[in-house]
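Here's a quick report on how one chain is put together. Have a look at the model first, then read on.

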Amino acid sequence: MSTPFAAAVLSSSVLSGTSLLYATLGELVGERAGIVNLGLEGIMLIGAAAGFAATSFAGNPYLGIAAAALAGMAGNLLLGYVVIGRGANQLAAGLALLFFGFGASTLIGRPFMGAIVTGLPRLALSELGAFDLLVWLALPAALLLWCLIFRTRWGLALRAVGEDPAVAFAAGRRPGQLQYQALALGGLLGGIGGAHLSLALAMTWDEGMTAGRGFIAIALVIFAKWNPLWAVAGALVFGAAEALQLQLQARGAYVSPFLMTMIPYLLTLTILVFWGWSRRSAAPAALGRNFFGVE
Amino acid sequence: MTRRRLLILAGLLLFAAEPARAEATLTVGAIYVGSVNDYGYNRAMKDGLTAMKEAVPGITLLEAENVPETAEAERIMEGMIQQGAKLIFATSFGHQQFAFNLAKKHPDVVFEHAGGWMQAANFGNFFAATQAAWYPMGVAAGKMTKSNTLGFVAGVPIGFIIGDVNAFALGARSVNPKAEVRVVVTGSWADKAKEAEAANALIDQGADVITMHVDSPATVIQVAESRGVYSIGFQSIEARALAPKGWLTGLGFTWGPFMTATAKSVIAGSFKPAMVRQGLGEGMLAVAPFGNAVPEETRGLVLAAVDKIAKGYNPFTGPLSDNTGAVRLKEGEALGNDKMGDFDWYVAGVIGKAK
């Protein structure tokens with residue numbers, strides 16, 4: 001009755017990596033527009049709490065996903081107002097959003113702690129296994145995002161804003177509006193990433209349950225060179241790092257859980273070292289800089 | 001006497017009368033490391049305090065949930081003392097040092113810490129001796145398993161937890177010599193996503209009875225229930241609400257009697273600090289009601305094992321070898337309660353390395 005090791009690790013990695021992938025895609029869209037969102041962890045938490053609360057309230061996990069997406073979007077739009085509308089420093093604003101997310105998610109989730117919800121049902125849509133809807137939609141979401149960024153006019157404008165907003169502005173685009181749109185989409189994806197944790201993986205809400213996944217996602221964006229397709233590979237690798245140690249333990253091979261928990265972060269550091277080696281960075285040139293407009 | 005003096009005298013008398021009523025009350029402060037809605041450790045603490053409040057008239061209970069195991073705990077307990085608390089329950093292992101610091105600063109306040117070892121004139125320690133109590137849980141699991149693989153999700157691999165796993169394995173193998181226990185350590189007392197993944201990993205390896213020692217059994221039990229395997233609960237007997245189909249039995253802390261006795265002793269002024277460790281049958285641990293899946297014969301075996309432990313049977317009696325074959329306890333040797341924190345080896349039948 002026991003599943004073969006490779007299949008078990010793969011399915012665990014996919015489950016673990018899905019929330020990472022959504023969060024990475026969300027951060028990626030924002031960064032392509034030139035805005036770094038360090039508060040991604042907060043957005044994921046808000047999404048997880050809102051999703052869990054809505055599911056507990058309404059009894060429908062899909063409504064929960066919708067609520068999580070909207071809550072994440074609201075959070076990111078808040079960041080957008082602070083950064084685009086008021087010109088605040090992006091890093092500081094992102095960190096403020098992080099703490100805000102911690103607090104807001106605790107506030108939303110507190111009355112629902114301990115509630116038993118029907119999580120997302122697992123659908124066996126192919127012979128690869130039975131996963132919930134968000135897992136099945138993860139890869140299509142990445143592909144869609146790739147098309148959106150690299151094959152549409154909107155995507156071109158988005159990338160232009162991320163590279164040099166002054167040029168985009170001169171070409172007739174509105175950088176501020178595009179950045180807002182990117183953040184809205186990013187928040188939507190980030191919220192869904194959080195919801196996957198509370199509605200599919202753990203089926204419960206606990207304070208701070210993302211346990212640093214938001215920061216791993218931010219690192220993953222760099223790992224993926226701001227390309228959604230590479231983000232899929234990265235999310236799978238990072239998901240595997242977490243899943244592997246638990247599966248190995250279940251098999252009887254002893255690996256220190258504390259050592260294995262370090263691995264995603266060690267990977268991140270390694271990536272940053274290697275990716276920083278080449279002079280030509282793949283980052284959007286105007287990443288982190290605010291565009292104050294041409295008066 | 002003038003009317004004015006009469007009124008002043010009456011006012012003073014009323015004022016003097018107040019303390020007589022106030023002496024009957026005791027303000028008790030309690031800090032929890034998590035939420036009391038966890039169907040687990042914190043819920044059991046809350047239930048105990050509620051029982052204490054109902055048993056002793058005039059108690060005012062101040063509570064704080066989600067108190068981290070950092071200096072913040074000290075500040076929160078200090079706040080409770082400012083509000084008049086004379087008895088503080090620091091319910092999580094990591095609150096120990098902070099409670100101890102405050103005990104030195106406030107010699108008139110009594111502190112009771114759960115799960116540690118420090119003691120002072122106004123600082124006592126209490127916990128249940130859980131290890132032997134896992135033996136009857138193992139009996140239940142050993143009888144109910146069909147795949148002969150049992151899964152145990154452990155939080156932090158300290159000696160006490162390894163002891164729990166060992167007793168569980170010994171109990172299982174006493175009724176089913178082919179049973180094996182697989183252990184997955186998550187590394188944290190409360191990481192819900194990891195607990196879910198750990199439970200899934202164990203079920204992937206064929207475990208059809210899952211149990212755990214983490215702060216909240218909720219996630220592991222829910223995963224087990226969603227995958228159609230049996231579960232055995234821990235921390236709070238209320239956890240059976242989570243698994244209507246797969247629940248076998250469970251252990252729960254019943255802190256009520258101890259907390260009531262402590263409160264009464266503080267009110268009477270007769271508090272004596274002690275390192276209290278009670279096992280099954282001494283009041284701090286209870287066995288949960290059986291689930292519907294458990295047949296009569298198995299219930300009988302489990303209850304017999306409970307009785308055996310309550311009467312003093314120590315499963316850690318030699319001859320006993322660990323899972324590499326090395327002899328750990330010779331004929332006639334036994335490990336007492338004080339050695340439960342020293343475990344760094346698994347008994348035969350447990351798959352994994354303890355260190």
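## Ground rules

Two strands count as paired if DSSP finds at least two bridges between them. Helices (H or I, at least four residues) and strands (E, at least two) are DSSP runs, numbered from the N terminus.

This is a predicted model, where local features need pLDDT of at least 70 and side-chain atom pairs count only at pLDDT 80 or more, while totals for chains, interfaces and linings use all residues. Residues are numbered from 1 along each chain as its sequence is written, and chains are lettered from A and ligands numbered from 1 in the order in which they are written.

## The sheet

Chain B has an open sheet of 7 strands with mixed pairing, in the order E12-E10-E9-E8-E6-E7-E15. At the edges sit E12 (285-287) and E15 (350-351) of chain B, each with a single partner strand, so one side of each has no neighbour in the sheet.

Further in, E8 (209-213) and E9 (230-233) of chain B run parallel and are joined by 2 bridges. Here Val209(B) stands opposite Tyr230(B) of E9(B). Helix H8 (218-226) of chain B packs on the sheet, touching E6 (149-154), E8 and E9 of chain B. The direction of H8(B) makes about 165° with that of E9(B) (axes are lines fitted to C-alpha atoms, for helices over the stretch in contact, and angles run from 0 to 180 degrees between N-to-C directions).

## Two domains

Where they meet, 13 residues of domain 1 of chain B are in contact with 19 of domain 2 (contact: C-beta atoms, placed from the backbone, within 7 Å). On the domain 1 side, H2(B) gives the most, with 3 residues.
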